[in-house]
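Here is a briefing on one protein model with a ligand. Please keep the sequence and the 3D view open while you read.

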Amino acid sequence: MKEILENARKLMKGYCRVCPVCDGRACAGEVPGMGGLGTASAFKANLAALAAYRFNMRLVHDVKKPQIRTTILGKSLSLPVLAAPIGGVSFNMGGGVSEAAYIEALIQGSLAKGTLGCTGDGVPEFIHQTGFQAIQAAGGMGIPFIKPWEDDELFDKLERAQATGADIIGMDLDAAGLVTLRKMGRPVSPKSVTELKRIRAAVSGKFILKGVMTVADALLAAEAGVDAIVVSNHGGRVLDFARGAARCCRRSTRR
Ligand SMILES: Cc1cc2nc3c(=O)[nH]c(=O)nc-3n(C[C@H](O)[C@H](O)[C@H](O)COP(=O)(O)O)c2cc1C
């Protein structure tokens, strides 16, 4: 781990401080970059919400070797984890690793461990292009996430995403309000159920909506026909003071 952390510090060039605990403090406000927006309270809330989970110790049973293999959207995965879509490696991480090297490592590394990697999207064309190429090279074994662009651009990208061979496509609605896109003159906005239905109809495989943080939005997503949601606040990079993602999964909202 020492060697890995030292190497990460070198490659991340200060964009990520590689802190002992990734808690959003050192990089607060660094979007673009690796931090959370503004005070990074939403980034910190993500960490706190996850850390608030505790395991139940169940020891009276006959399971000697725990089995964590699972099936998600028809894909058999060796563990219930997908690698999140990350785009803009050059301007978010300082360019110590190229977009292509990062995406290839993510897609191939995920496959090598029996799961799937997701790829991101952004204003510069090379972000989604690099992701599409890596998924195509892997025979469609990856999940491309497209930003909620307007009109033709969105439908064109969805079509090209499907041409990679991927049969699961995602859209990160949690990018609505992302300052990085606004700085580049291309902000994106929320989508209505009617718009989501049109988008859903343009995808022949499964469709994931990323950025659902309330029960109300989850119900609307279901109404629009999406197959799965990702509960996420985009790493606290969009809305300061948003709730921590893992907190939204709790049955009781009192805690
Ligand atoms: C540098 C950086 C770039 C990101 N790029 C994308 C992207 O292109 N598409 C996307 O859907 N999410 C993107 N995200 C958000 C992550 O996929 C993810 O939502 C975030 O790290 C928080 O994890 P969680 O969603 O599991 O809570 C990015 C996050 C970071 C830190």
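Contact here means heavy atoms within 4.5 Å. By that rule, and leaving aside its neighbours within four places in sequence, valine 226 is in contact with Arg200, Phe207, Leu209 and Ala221. This is a predicted model: local features need pLDDT of at least 70, side-chain atom pairs count only at pLDDT 80 or more, and totals for chains, interfaces and linings use all residues. Residues are numbered from 1 along each chain as its sequence is written, and side-chain values use heavy atoms, with hydrogens and water left out.

**Ligand site**

- Around the ligand are 16 residues, and Pro85, Gly87, Asp172, Lys210 and Ser232 come nearest.
- The shell divides into four nonpolar, seven polar and five charged residues. Ala, Val, Leu, Ile, Met, Phe, Trp, Tyr, Cys and Pro count as nonpolar; Asp, Glu, Lys and Arg count as charged; the others, Gly among them, count as polar.
- A polar contact is a pair of N or O atoms within 3.5 Å; within protein, one must be able to donate a hydrogen and the other to accept it, and residues adjacent in sequence count only if both atoms are side-chain atoms.
- Glycine 87 uses a polar backbone atom, 3.0 Å from a nitrogen atom of the ligand.
- Aspartate 172 places a polar side-chain atom 3.1 Å from an oxygen atom of the ligand.
- Histidine 234 has a polar side-chain atom 3.5 Å from a nitrogen atom of the ligand.
- On its own the ligand has 610 Å² of accessible area, and the protein covers 81% of this. Accessible areas come from the Shrake-Rupley method with a 1.4 Å probe; for residues, only the protein chains shown count as cover.

**Asparagine 92**

- Asparagine 92 lies in helix α3 (residues 89–93). Helices (H or I, at least four residues) and strands (E, at least two) are DSSP runs, numbered from the N terminus.
- Asparagine 92 counts as buried because its relative accessibility is 7%. Buried means under 20% relative accessible area, exposed over 50%, and partly exposed in between (1.4 Å probe, protein chains only).
- Its side chain reaches the backbone oxygen of glycine 87 at 3.1 Å.
- A polar atom of the asparagine 92 side chain also lies 2.9 Å from the backbone nitrogen of glycine 33.

**Other buried positions**

- Threonine 180 sits in helix α7 (residues 179–183). At 6% relative accessibility, threonine 180 is buried.
- Beyond four places in sequence, threonine 180 contacts Val31, Pro32 and Phe91.
- Valine 226 is in the loop between α9 (215–224) and β7 (228–230). Its relative accessibility is 13%, so valine 226 counts as buried.
- Valine 226 and proline 85 are 141 residues apart along the chain, with 18 Å between their C-alpha atoms.
- Alanine 246 belongs to helix α10 (residues 245–248). At 14% relative accessibility, alanine 246 is buried.
- Alanine 246 touches Ala49, Leu50 and Tyr53, not counting residues up to four places away in sequence.
- Alanine 246 and alanine 51 are 195 residues apart in sequence, yet 9.0 Å apart in space, C-alpha to C-alpha.

**Cysteines**

- How many disulfides are there? The count is zero, where a disulfide is a pair of cysteine sulfur atoms within 2.5 Å.
- The closest cysteine sulfur to that of cysteine 16 is in cysteine 22, at 6.2 Å, which is too far for a bond.
- Cysteine 27 is in no disulfide either; the nearest cysteine sulfur, that of cysteine 22, is 6.4 Å away.
- Cysteine 16 is partly exposed at 24% relative accessible area, whereas cysteine 27 is buried at 12% relative accessibility.

Technical notes
Near = heavy atom within 4 Å.
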